Amino acid sequence: KKMAIFELTRINSPSSIADEGRRKYAEMDDKQAGQHLVFERFKMRLDPDSTRAPAVEAANDPAATVNLRKLISCTLRFMKEKALAHCSDMTTTPLTADLVLWVLTVPAIWDPFAKQEMLEAAKEAGICCEPTNNLLIALEPEAASLYCLNTTSIPAHERPCGTKYMVVDAGGGTVDITVHEILSTQAVKEVLPPSGGPWGATFVNDEILKLLEEILGKESIARLRKCPSEYTELLNFIEVLKIGRRCDEDLSGSVPLNISSVLSVWEGAAQPEVYIQQFNASHDKAVSLHRGHLRIPTALVHDRFFVVIKRTSAHVASLLVKPELNDTRFLFLVGGFSESPLLKGTLERELAAVLPPTRIPRIVVPPRPGLAIVHGAAQFGLNPGVICSRVTPHTFGIDTAAPWDERRHRIHGKQVLRDDVPYCENVFDTFVRVNEMIEAGAVISRDYRPVTSAQTKVEIPVYCCDTPEVEYTDDPGVHFVGSLEMDLPDAGKPPESRQISVEMSFGGTVFTVKATHVATNTAVNAQFRFHFSPSDQLLRPKKANASSVDVAFAMDCTGSMAPWIGQTKEEAINIANSIKAKYPVITTRFAFGYRDVQDERRFEIVDFTPSIADVQALVANVKAEGGGDSPEDIFGALYHVAQLDWSSGVRVLIHIADAPCHGRQFHDLDDSHPDGDPDGRRVEDVLGELQQQQIDYYFLRLNPCCDKMITAFRPHYNCGERQIRVLKLGDNVAGLLNAVVQCVVTSITAC
């Protein structure tokens, strides 16, 4: 969480960390500082709300980068060696890593990928020693919960079995929140999934530095960061500034901040007073400079605190209004930030505004709250079973093919044949559901076997979503998050004799899996391998030629589609911006539209253009009109789609329709052209051209009318990994943006 100093010649190990590192850096002259790299708060790079990247820039030299996992493992190794040396000094024999049970704490709000990275870093640091498996992962608010129960001054009769309490772990980086219920003196259970965000105390520092940039100019603060002694001095002064801020503080006064460190390296185009005058000209409350101290209006300082603190107080209030937390009796504030009177006071005010007095929990700050997690982690290491059950934050499952059920699967058009046996593809096989209570030792069992006798490994895609019931892995809101990987022994033998029994646990602090070869009852290597997920990371294109994307919209523009055309007009810019935000280096081109055969304006076509404004201009003039009979000119639309200037490495067709194509073989509706396309186009030719041009076909399903058509389309289009994908939108017009972005993301990240 804090500073780590690496010598350029010894990048595999930091020379100092945390407060010691800050002190040593402050003592370096410019030449010494230039021989070191400084990394700050790099653990926060694993937070789901941060911009994850495999490399971290040095704070004193942004051009120098080091791999994130390497930074973490080097720091853990440094801490391990310090701990072993300290303990060995107090024993008659040296202590080695394999004789220690290590407890590594992580925020509970971290996703499986972040926890996996910490585990891998710990292994690289030599903390986790096989086969003893002497490493436990503890969730930080859970550790704090154990500390609060064992050290609080609240007598036992005020916290009997059934008592619910909230723990708000307000640390330097994250605010981590959990709610527990006491079951006995040695057991508690989780009531809600962990929640929180990057709202810790160091973000107040960032806000104060932003304020200084606004007052004195960005250049002066950027220059200061390169001066070790002066920068460290300013950070220390900011820490002093944070102490004592209270909700009832007189906002008409001012707060002094010693900026002598800034002034000592000042090279501005004008004197500091000029910058201050410019700032005051656009603000009601004046800043002044006197003898090296910047006097900042207290109200301005409070505003910067509230930017961070309000996120915590608003989130806590949103949790406590939930019916299941009606009887929450205590709110424990722990972590270094918990000692801020402003945080506690803001919480009290926020809760008083949304809860009746009888429902407001008692806010308790235990002794030494900054050490709550480390003490609680030791208690967890001695008794990890004390947290007997947890609530799952998401629904997790895998992609499977289920035996075809005509009654259940027919309307979704996902039939595939395997050895002439019909299956439904993309079925979501649910392991655990969001908000489901899972006991710590509970396991979910599945049996798998290879598809062929030569197969030696299997990788099963793992998906997650935030809804408890989900049917298919390509449903809106379902995201690929990783894979379940297993070795398959006895290659060459028949698949039916190579069955693997798998037991998965989702009730612990991390997900675990064990696999057994049924025939020999021997253990098989198996693991979850989680990846960056679409909701929290700039996705990494897997296609080597994914430097540009072509996106064509084939949208029914007849009268019944008015709401969807209107939504496209509103969302066109947002769709382009969303794709650009996820893939800044990828160029996206767009094209658009169709109607029915007899309509005067049969097609609304704009060829691919990188200018979303061109597409938006066309869509703005499109009117939902025409249509005649129920079916529409889909064959004509797909023909013109194939004639577009497809040239990008990723090619995406978004087909949005509420009616099928002409031809009774594709529907059961009245049709003025029951024999098929009036221009004589054949389904196999039209779809074959799309397949030949390697165009990914996504159909946004608005109603069941097109199900028979899609089922008929599949045999002529589906080939290998390129399949028609159906996303069910129904009448959810507002879901258009997410659906389109999901389609593009799926194509870019496809293998």
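At 12% relative accessibility, Ala97 counts as buried, where buried means under 20% relative accessible area, exposed over 50% and partly exposed in between, with a 1.4 Å probe and protein chains only. This is a predicted model, in which local features need pLDDT of at least 70, side-chain atom pairs count only at pLDDT 80 or more, and totals for chains, interfaces and linings use all residues. Residues are numbered from 1 along each chain as its sequence is written, and side-chain values use heavy atoms, with hydrogens and water left out.

**The protein as a whole**

- The protein has 20 helices and 34 strands; helices (H or I, at least four residues) and strands (E, at least two) are DSSP runs, numbered from the N terminus.
- Of its 751 residues, 52% count as buried.
- Take the contacts (heavy atoms within 4.5 Å) with a separation of 6 or more: residues 24 or more positions apart account for 73% of them.

**Back to Ala97**

- You can find Ala97 in the loop between α3 (68–88) and β6 (102–106).
- Ala97 and Ile127 are 30 residues apart in sequence, and their C-alpha atoms are 6.3 Å apart in space.
- Leaving aside neighbours within four places in sequence, Ala97 touches Lys80, Leu84, Trp102, Gly126, Cys129 and Asn134.

**Two buried residues with polar side chains to follow**

- Glu117 belongs to helix α4 (residues 112–124), and counts as buried because its relative accessibility is 12%.
- The side chain of Glu117 makes a polar contact with the side chain of Arg69 at 2.8 Å. A polar contact is a pair of N or O atoms within 3.5 Å; within protein, one must be able to donate a hydrogen and the other to accept it, and residues adjacent in sequence count only if both atoms are side-chain atoms.
- Beyond its neighbours within four places in sequence, Glu117 is in contact with Leu46 and Arg69.
- Thr328 lies in strand β15 (residues 328–334) and is buried, at 5% relative accessibility.
- The side chain of Thr328 reaches the backbone oxygen of Leu325 at 3.0 Å.
- Setting aside neighbours within four places in sequence, Thr328 meets Lys164, Tyr165, Met166, Leu320, Arg359 and Pro361.

**Helices to look at**

- The axes of α6 (residues 202–216) and α11 (residues 298–320) come within 9 Å and cross at roughly 145°. Axes are lines fitted to C-alpha atoms, for helices over the stretch in contact, and angles run from 0 to 180 degrees between N-to-C directions.
- On the α6 side, Phe203, Val204, Glu207, Ile208, Lys210, Leu211 and Glu214 meet Arg304, Phe305, Val307 and Val308 of α11.
- In helix α19 (residues 707–717), the residues Asp707, Met709, Ile710, Phe713, Arg714 and Tyr717 are buried. They lie on the same side of α19 because they cover an arc of only 145° around the axis, the arc being that of the directions from the helix axis to the C-beta atoms.
- An α-helix has 3.6 residues a turn, so residues three or four places apart point the same way.

**Positive phi in two loops**

- Most residues other than glycine have a negative phi.
- Asn435 has a positive phi, near 65°, and is not a glycine. Asn435 sits in the loop between β20 (421–432) and β21 (437–439) and is exposed, with a relative accessible area of 52%.
- Asp490, also not a glycine, has a positive phi of about 60°. Asp490 is in the loop between β24 (479–487) and β25 (500–505) and is partly exposed, with a relative accessible area of 29%.
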